[in-house]
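Please keep the sequence and the 3D view at hand while reading.

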Amino acid sequence: MANLPNTAAGTAFVPKYNFKKSNAPNTRVVSFGDGYEHRVSFGLNQNAKTFNLTFEVSETDADILTNFLDERAVDGANFTYTVPGESAMNFVLEGNYNKNVPYLNRAVVRVTFRQVFEP
């Protein structure tokens with residue numbers, strides 16, 4: 001397990017605000033007659049989070065971030081990251097990630113992190 005790397009200046013990567021946080025509670029529902037139902041949370045870690053994050057950074061920092069993401073795509077390992085306003089969590093990559101270069105020496109990296117509960 002690794003930590004998300006720091007920028008070239010040694011600071012933590014901070015996503016652009018207006019990121020999206022999704023919760024996925026794992027609930028089982030049993031339906032009885034006349035519209036009655038019973039809901040039960042299923043599993044120990046039953047409410048995983050998913051974050052859609054956008055990082056606007058220098059092109060050098062974008063390369064640091066995407067190289068780290070490339071390594072996680074190859075080895076499938078989880079990593080630790082603290083999303084602003086949240087506690088530290090373990091994540092894996094969810095789906096695609098991309099890097100756009102809209103201006104000279106500026107880059108935008110969009111990625112989705114899915115929380116996992118692994119040691």
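**A first residue, and what surrounds it**

Glu 86 has a relative accessible area of 25%, which means that Glu 86 counts as partly exposed. The model in which this value was computed is a predicted one.

**Glu 86 and its partner**

- The side chain of Glu 86 meets that of Lys 21 in a salt bridge, with a distance of 2.9 Å from N to O.
- This pair links distant parts of the chain, since Glu 86 lies in the loop between strand 6 (79-81) and strand 7 while Lys 21 belongs to strand 2, and the two are 65 residues apart.
- Lys 21 is also partly exposed, its relative accessible area being 38%.

**Other salt bridges**

- Glu 56 counts as partly exposed at 41% relative accessibility, and Lys 16 counts as partly exposed at 44%.
- Glu 59 forms a salt bridge with Lys 99, where the closest N and O atoms are 3.9 Å apart; Glu 59 is in helix 1 (residues 59-75) and Lys 99 is in strand 8, so that the pair, 40 residues apart, links distant parts of the chain.
- Glu 59 has a relative accessible area of 28% and is partly exposed, as is Lys 99 with a relative accessible area of 30%.

**Strand 9 and the strands paired with it**

- Seven of the ten residues of strand 9 (residues 106-115) are buried, and strand 9 is therefore largely enclosed by the rest of the structure.
- Strand 5 (residues 47-58) pairs with strand 9 in the antiparallel sense over nine bridges, and within strand 9 the bridge partner of Asn 52 is Thr 112.
- Strand 7 (residues 89-93) runs antiparallel to strand 9 and is joined to it by three bridges, with Phe 91 standing opposite Gln 115 of strand 9.
- Strand 8 (residues 98-103) is likewise antiparallel to strand 9, with four bridges between them, and Tyr 103 stands opposite Arg 106 of strand 9.
- Strand 8 and strand 9 form a hairpin with two residues between the strands, and in this hairpin Asn 105 takes a positive phi near 60°.

**The nonpolar core**

- In soluble globular proteins, nonpolar side chains tend to be buried together.
- The largest nonpolar core in this model has 20 residues, and those with the most contacts inside it are Leu 4, Leu 53, Phe 55, Leu 69, Tyr 81, Phe 91 and Phe 113.
- Strand 5, helix 1, strand 6, strand 7 and strand 9 are the elements that give two or more residues to this core.
- Leaving aside residues up to four places away in sequence, Phe 91 touches a set of residues that includes Phe 51, Ala 77, Tyr 81, Val 83, Phe 113 and Gln 115.

How values were computed
Residues are numbered from 1 along each chain as its sequence is written. This is a predicted model: local features need pLDDT of at least 70, side-chain atom pairs count only at pLDDT 80 or more; totals for chains, interfaces and linings use all residues. Side-chain values use heavy atoms; hydrogens and water are left out. Buried means under 20% relative accessible area, exposed over 50%, partly exposed in between (1.4 Å probe, protein chains only). Two strands pair if DSSP finds at least two bridges between them. A salt bridge is a side-chain nitrogen of Lys or Arg within 4 Å of a carboxyl oxygen of Asp or Glu. A nonpolar core is a set of buried Ala, Val, Leu, Ile, Met, Phe, Trp, Tyr and Cys residues joined through side-chain atoms within 4.5 Å. Contact means heavy atoms within 4.5 Å.
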